[in-house]
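I opened the notebook to record what I looked up in this structure. The entries follow in the order in which I made them.

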Amino acid sequence: MDMEKDVIVSPDTRRENRIPPHQSRTLKWPVLDASGAPSLDIEKWSFSIEGSVANPISWNWNEFQVLPQVKVRADFHCVTRWSRLDNLWSGVSMRELVARAGGLLPNARFALVRGYDDGWNTNLPVEYILAEDALVATAHDGAPLSVEHGGPARLIVPQLYAWKSAKWVAAIEFRETDEAGFWEENGYHMRGDPWNEERFG
Ligand SMILES: Nc1nc2c(c(=O)[nH]1)N[C@H]1C(S)=C(S)[C@@H](COP(=O)(O)O)O[C@H]1N2
Ligand SMILES: [Mo]
């Protein structure tokens, strides 16, 4: 479906009606976060995969740059009711990252994702973070990801509401049990599928 043949097109983006219930399309890209961008020193940046994987692993910025890159075209649906269509993300696919951590252990059922903004995290089921369109993105529409949108690197999980797509991603912990993250503790849904309007738990 995509003209660029090396682009993974998110399954939701291939739907005929691409706007989930009670969402409206925006051509802008609003900035939304709980407490603003953390100050990050690229020399000290690292990203880790922890918990229920065969070999927990962590990359510094230079190591992360040389991992195989993918491009994903996907829509982005915020629970505050805006949807931004046709984002072109580039970065490293979650499947690639988990493979480099030796793969999931059989008890891995949920992910708890931490941002560099102090205390912020979010939880989701493992099948969404391991979908073919999920990635740690370092660029958007051909430009390096801006700090306000989560640069240098953010998680993108196109098939869930945007709050699961952790900006300034620091670590992903795979777990047997589901633990509520920042918004989830405040009543937001443990899964957050926009097509089923899973806004609140
Ligand atoms: N680390 C971190 N990631 C975060 C947030 C946050 O506060 N901290 N907010 C989430 C919310 S509620 C939304 S809607 C999206 C917004 O992404 P954007 O600012 O790039 O549009 O980021 C999500 N990721
Ligand atoms: Mo949000």
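**Pocket and ligand**

I sorted the lining of the largest pocket by class and got 16 nonpolar, 3 polar and 4 charged residues. The model is a predicted one, and I kept that in mind for each entry.

I then looked up the volume of the largest pocket, which is about 390 Å³. There are 23 lining residues, and Leu32, Asp33, Ala162, Trp163 and Trp183 are the closest to the centre of the pocket. For the idea behind such a search, I noted that a probe the size of a water molecule, rolled over the atoms, shows where empty space is left.

Next I asked what takes up the space of the largest pocket. I found ligand 1 there.

**Around ligand 1**

How many residues surround ligand 1? I counted 21, and the closest are Ala34, Asp117, His149, Arg154 and Lys167.

I went on to the polar contacts of ligand 1. For histidine 149, I found an N or O atom of the side chain 2.6 Å from an oxygen atom of the ligand. For arginine 154, a polar side-chain atom is 2.7 Å from an oxygen atom of ligand 1. Proline 30 uses its backbone instead: a polar backbone atom there is 2.7 Å from an oxygen atom of the ligand. I also looked up the cover: on its own ligand 1 has 540 Å² of accessible area, and the protein covers 98% of that.

**Backbone entries**

I noted for reference that most residues other than glycine have a negative phi, and that most peptide bonds are trans. I then looked up two exceptions.

Arginine 81 is not a glycine, yet I read a positive phi of about 90° for it. I located arginine 81 in the loop between strand E5 (70-77) and strand E6 (82-93).

The peptide bond from glycine 151 to proline 152 is cis, and I read its omega as near 15°. Proline 152 belongs to the loop between strand E10 (143-144) and strand E11 (154-156).

Technical notes
Residues numbered from 1 in each chain as written. Chains lettered and ligands numbered in written order. Predicted model: local features only at pLDDT ≥ 70, side-chain atom pairs only at ≥ 80, totals over all residues. Heavy atoms only, no water. Near = heavy atom within 4 Å. Polar contact = N/O pair within 3.5 Å; in protein donor to acceptor, adjacent residues only side chain to side chain. Areas by Shrake-Rupley, 256 points an atom, 1.4 Å probe, with all protein chains shown as cover. 1 Å grid on protein atoms, 1.4 Å probe; cavity = no way out; pocket = protein on both sides within 12 Å on 5 of 7 lines; lining within 4 Å. Sits in = over half its atoms within 2 Å of the grid points. Points joined across faces, edges and corners; volume = space filled by probe spheres on them. Nonpolar A, V, L, I, M, F, W, Y, C, P; charged D, E, K, R; others polar. Helix = DSSP H or I, 4+ residues; strand = E, 2+ residues; numbered from the N terminus.
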